[in-house]
Structure formats: C-alpha cells, structure tokens
Amino acid sequence: MISPLPIEVDLPQESRAPARVARSYWQEAWGRLRQNSIGMVAGGVLVFFVLVAIFAPLLAALITHQNYQTLDLTNTFAPPLSPNHILGTDDLGRDELTRLLFGARVSMGIGFLAVFVALTIGAAVGLVAGFYGGLIDGLLMRFVDIILAIPAIFLFILMAILFKPNTVTLALIIASVGWGSIARLVRGEVLSVRSRDFMVAGAALGARDSRLIVRHLLPNVMHVMIVFGSLYLGQVVLIEAALDFLGLGISPPTPSWGNMLTNAETFFFHSRTLAIFPGITIFLTVLAANLFGNAVRDAFDPRLR
Amino acid sequence: MAETVLEVRNLTTHFKTPEGVVKAVDGVSFELHAGETLGIVGESGSGKSVTALSVMRLVPRPGQIVKGEVRLKNRDLTSLTEAEMQEIRGVSIAMIFQDPMTSLNPVFRVGWQVAEPLFVHQNMDRIRALAEADKMLGRVGIPNPKERARDFPHQFSGGMRQRAMIAMGLTTMPPVLIADEPTTALDVTIQAQILELLRNVNREFGTATILITHNLGVVAGMCKRVIVMYAGKIVESGPTADVFAHPKHPYTWALLKSIPRLDADQRQPLRPIEGIPPDLIDLPSGCSFHPRCPFKIERCKRDTPSLIPVGDTQIAACWVTQSGVELKDA
C-alpha cells in the first residue's frame, strides 16, 4: 500500500499574482518581432526610406542644397564626392543625391498607396466571399481568377497608354492586379476562422453580418494582410521601377529610381556610378521589405520557423 | 402548469446534400415552460444540436428548416426576417456551445466579449457595458472579475471559458437559454461546477433552459423533464424520474441499460445497443429504431409509430409499449 505523500503546495497569499499583465495577440507578436534582429533592421531600413520620402525637400535643403531640377551643363557627370555634389551629377548636371531623395517619394508613395489599395479591395472581397460562401464566393473568386489570369505586364502597358501615369494612377494600376492574391489569401483564412464556434456564438447573440465580418473576422485575418502587405511592398517597388525603366511609369523630369536607371543605362559608358546608386536603393528597399515581411510572418506564427 | 415560453411544432430541418436529403430533424414538437430545465438526450447524430440551431435559425448550409413552427411569445421565429431574428438572438434566446476552447474570439479581451450583447442590443456605452460584464463575470463565479475581464481567452481555463460563455449569454437576461452540451469538453470536476452554475442561473434569473447532452446522469441531476431523440425524431418524453424508472421506448430502455451503475451487480456485463445509428438519408422503414430493437414486432417494419401517451405521464413512439407491453429483460 502506498500512502499518499504529503505534498506542500505554495499557495499564493492573494488569489492572484500581482501585476501579471495580460498581453494581447498583437503584443505577443510584436514581442516576437522585436527578438528578430534581421527583421528589426529591415523594418528600420523601410522606416528610413519612408522618412527620406516624407522629408525629401527638407533633406535637400539641409544636406545637398540643390534642387532636383536645376541643370548645370558645365558640370555634367561629376564623380561622387565632388564639391557640392556628394554623389556627383548626372548627364544634365543635376545633383544625383537630391534626385535619389525625391525618387524615394515616388517609390515609397506608389509602394504604400498600391499596398493600401490592394489590401483594402482584396480584404473586402476575401472577407465577403469567405463569409457568405456559395454563389457569392463562386462569383467573386472566379472574378479573382480572371484578374490573376491577365498577363500583368500587358495590362500595365495598356493602362500606361490609356492613363497618363502619375504617382496615384500608377499605384492604382499596379494595385488593380495585386488585390487578387490577397483576396485569395484572406478568403482561405476566413474559411478556417468562420467555422470556429465563436463565429456561431457571435451570430447566436444577435450580431449582424457586418459586425461579425468587421469586428470578429477581420482582426483574425489581419495577420495575413500585414504579412502580405510587407512582402507586396517589395514587389510593387520592383514593378514600379521596371515600368519607369521601360518608360511606362513616371517620366522625366520627375525623378524616380526607375527612370534614373533608364537614364543611367544611356550614359553607362560615361558614368557607371549613375547606375549604381538608384540600383542600390531599389535593391535595399526590396530586400528590406522581403526580410521584414518574413520576420512579421514568423512573429505571427512562430511554428512556421 | 407554468406558462409556455417556447413552443416547437413539427419542426423539420433537412440538409440537401449530393448524396440525398439528410433528415436531421424530422417533425419535432415540444414545449418549454417558464423557469424549467428541459433535457434533450440522444446519441451523436440524433438531431439534438440541429434542433437547437433550428430554434436559433442558425442551421449551417446546406441545412434548411423545411417546415414547422418555433413560437416564442406568440411569434413564429421561422417566418421572421433575418433582421428581426437578429433582435431575437441574444435578447430572447441565448445559446452556449459545446467547446469553450473555440467559442471565444482569441483576439479580444474576455470582458469585451461578455459585454458584446450589450453593445449589439442595447447600444450601451463602453464603460457601462464593460462594468456590467465585470459584474456578470463575478456572478458566474470568476474570481477577481475586474482583473480577469482584461485577460484574453487563452489565459482562461476551459471551465472559466465556459463560465464566460454563460455570462455572455446572460448579460441581456434572456428568458430562454439553450445549452448545447455545455459540459462535454470539460473534465468531470469542472462539469459538476458548470452544472451547479447552470442550476443557480435557472433559479436566480428564472431562465428557462434547454440542456442538450448525451449524458443521462446530467439529465437526471438537472432536468425535471426529458426528451429522448433518435434519428431526428422524439421517441419518448416525460418527467425525468418516470422516464428513467419505466422507459416506454426500447431506445431509452437500451440507453439506460448501457450505462455502468455503481449499485448494479458488478459481474453483469454492460449491454451496448447493437448495431449502428441509422443513415439519416436512407432511414429504415417503419420505426427507425427497429433494426436495433430487441422488442420489435412485425408492425415496426411497416408502420411509423406516432408519439402518443403511454402510461400516465410519458409519451412514446413505440408500437410495443403502446399495446401495453412492459419493457423487461429478455
């Protein structure tokens, strides 16, 4: 016969340990993201470019003392570190660094606007399709299939001819294709969330469909949107640069990293550095967006690592 | 007799699937009186949960209420528009679910979720609704409700989540509460606590409760009246004591025989019900239970028995007992 061991249990004097702070899902994800140094650096790079874009005129006034359109035909193809031109000048004697600063406005502006538009449309379509299912789902998703089946580059070319591309139209053109993928992702996530009891419980306490979708579904699929958004940002920057490079996007004299590359290609044998700087900024932005996207995904779903 | 708060008449819910029509609920009628706890028992797939969801009009696709009435205070819920129904749910009828682990939204604080019916139905402002939720969490036995209300569901144990679910159902003081297997996912000690809580709720708030379960012990302890369902139909109903003492349907009889009892002869083997539950698409002819019934007579294969009084207090759908035969061990 085994007698029960006397077990001493340390019962807390108060029924609750003091100051155990309840951390939300978001706070926990943020905590994990902060542990990821590569992700944080990548995020920092993105923030840096955003700040550069926002404060481009200020930075130009403080650092380069140049206007991005000021020509100086007596001082073309100045090498980096020449007086008054930290990164040199281009074929028309315009300050390269100033143009890069303003180019960030185009890339970041189009990048974030396109991501925002694609996420909004995509999430709305995905939520509605996934929540209602049936015919609505079928119609919306077949429409998404059609959108995704269009060869994007031809669409971009057509749109660029139909609408004169500026920052806003170009962002909308890019987003008009990009929302399809996010709609699919969100719908897939909705299908798995929708079948959980709290959705039925929400309906059972009399919540309207709109409340169920916005208050209960959306926060549960938000992580998919955030991850997709940051990965998509890199893609948009790349697409935008490519369109500019092909002359279908933002056209000179407005500087963008893409059309600066086009220019650099023309004068490649005069000055190699002209190709390097916009190339580096594009490369850094896209790399940072991808790394940050991956880090966010790991933060939301630690099991994936 | 107390006033009837909910009356279900000939409720029939079908699921149209490619394989055929699943008759999940097939002509179910019952009444729920004010302040009582009514048990609905039956094995998995007998239509208990679909009956509850039909009352709430929340049957998942492709299910559909084909006919019948659900009368709540002289309104037929089956004929209301979806918008009108949303005003009924959570106000007149609340429902709590089987699995407390998935019944709370993981991204919101518990207090907020308990307060949600107040936001939805009474347009109560945030501070008052949350204070109301704290109070309600306290009443369902959550210690330190003010602090715990700021927790997220994953910080609650299963029993606490079920308490929170019950609190959520009760914030608007609905006259009818449907509890769909509220204790199935909990361990035994917690089950007892939750049942005690439901009993208190029933007493204090006067909420009429429909308790759906497959646990006959729970029914014996909680419910004055019980309904036994088999293959989408009610096969027997009556006062719990009478139904358990003298079952008037062979299915009830067999169910009672198949549970272990502490006071019975230990050497007697348990007797399971032979066979498997019927295919709801292709029900057996006559009485759906006849292929598994030890008492069956010829007539059971041909004609479907109707639910009529057998004995003084019970009703049963069985040709054998209706002809006056007692159900006894063969």
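## Chain B overall

Of the 330 residues in chain B, 46% are buried. The model is predicted.

Chain B holds 12 helices and 12 strands. Its radius of gyration is 21 Å, close to the 20 Å that the globule rule gives for 330 residues, so chain B is as compact as a globular protein of that length. Along the principal axes, the C-alpha atoms fill a box of roughly 65 × 50 × 45 Å.

## The eight-stranded sheet

Chain B contains an open sheet of 8 strands with mixed pairing. The strand order is β6-β7-β8-β3-β9-β10-β12-β11. β6 and β11 (308-310) of chain B stand at the edges. Each has a single partner strand, so one side of each is left without a neighbour in the sheet. From one strand to the next, the twist averages 25 degrees.

Strands β3 (residues 37-41) and β8 (residues 208-213) of chain B run parallel, joined by 5 bridges. Here B:Gly39 stands opposite B:Leu211. Helix α6 (residues 158-170) of chain B packs on the sheet, where it touches β6 and β7 (176-180). The direction of α6 makes about 170 degrees with that of β6(B).

## Contact with chain A

On the chain B side, 30 residues are in contact with 22 residues of chain A. Three elements of chain B each supply at least two residues of this side: α2 (82-88), β6 (93-96) and α3 (110-122). The largest share, 4 residues, comes from α3(B). By type, the chain B side divides into 14 nonpolar, 8 polar and 8 charged residues.

Notes:
Residues numbered from 1 in each chain as written. Chains lettered and ligands numbered in written order. Predicted model: local features only at pLDDT ≥ 70, side-chain atom pairs only at ≥ 80, totals over all residues. Rg over C-alpha atoms; globule rule 2.2 N^0.38 Å. Buried ≥ 20, exposed ≤ 12 C-beta atoms within 10 Å, placed from the backbone. Contact = placed C-beta atoms within 7 Å. Nonpolar A, V, L, I, M, F, W, Y, C, P; charged D, E, K, R; others polar. Pairing = 2+ DSSP bridges. Axes fitted to C-alpha atoms, helices over the stretch in contact; angles between N-to-C directions.
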